Amino acid sequence: MNDEQYMRAALELARQAQEAGEVPVGAVVVKDGEIVGRGFNAPISRHDPSAHAEMMALRDAAQRLGNYRLVGCELFVTLEPCMMCAGAIMHARIARVVYGARDLKTGACGSVLDAFAELRLNHHAQVQGGVLAEECSAMLSNFFAMRRAQQRNA
């Protein structure tokens with residue numbers, strides 16, 4: 001599989017989040033070409049502010065691999081990780097982060113700040129943004145447009 005195929009798997013998880021009434025963000029963790037972790041946004045349903053797609057995928061991968069260190073793994077996520085998720089990605093020792101849409105409000109991979117470029121921190125993942133960015137952005141934009149329309153009609 002290639003980056004776009006992994007991002008499509010993350011987009012499918014984002015759709016599951018949307019169906020559950022959550023902000024549509026999905027993530028997969030890949031090791032040696034195999035998806036070893038999956039997650040989608042679930043902070044509303046789980047009553048858990050840390051239940052972002054990345055966190056859920058990291059937890060899933062750590063359980064499957066039997067290690068909290070995910071050395072040699074890559075994370076594919078439909079939205080640029082926030083600061084909380086960037087911290088977890090660093091602690092897990094993810095080698096590479098690939099995201100779709102930029103997050104101009106809370107993005108911690110270059111949009112608002114760049115956690116992985118901070119030289120004082122001890123782990124630096126490679127970061128690539130913009131993979132299937134239009135699809136990822138459209139899913140989020142459509143979700144929030146529908147939500148605003150529902151609120152106006154309520």
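1. Asp32 lies in the loop between β1 (26-31) and β2 (34-40), where helices (H or I, at least four residues) and strands (E, at least two) are DSSP runs, numbered from the N terminus. The model is predicted, so that local features need pLDDT of at least 70 and side-chain atom pairs count only at pLDDT 80 or more, while totals for chains, interfaces and linings use all residues. Residues are numbered from 1 along each chain as its sequence is written, and side-chain values use heavy atoms, with hydrogens and water left out.

2. Most residues other than glycine have a negative phi. Asp32, although not a glycine, has a positive phi of about 50°, and this residue belongs to the hairpin of β1 and β2, which has two residues between the strands. With 72% relative accessibility Asp32 counts as exposed (exposed is over 50% relative accessible area, buried under 20%, partly exposed in between, with a 1.4 Å probe and protein chains only).

3. A positive phi, near 55°, is also found at Leu132, in the loop between β5 (126-128) and α5 (133-153). Leu132 counts as buried, at 13% relative accessibility.

4. Strands β1 and β2 run antiparallel and are joined by six bridges (two strands pair if DSSP finds at least two bridges between them), with Glu34 in β2 as the bridge partner of Lys31.
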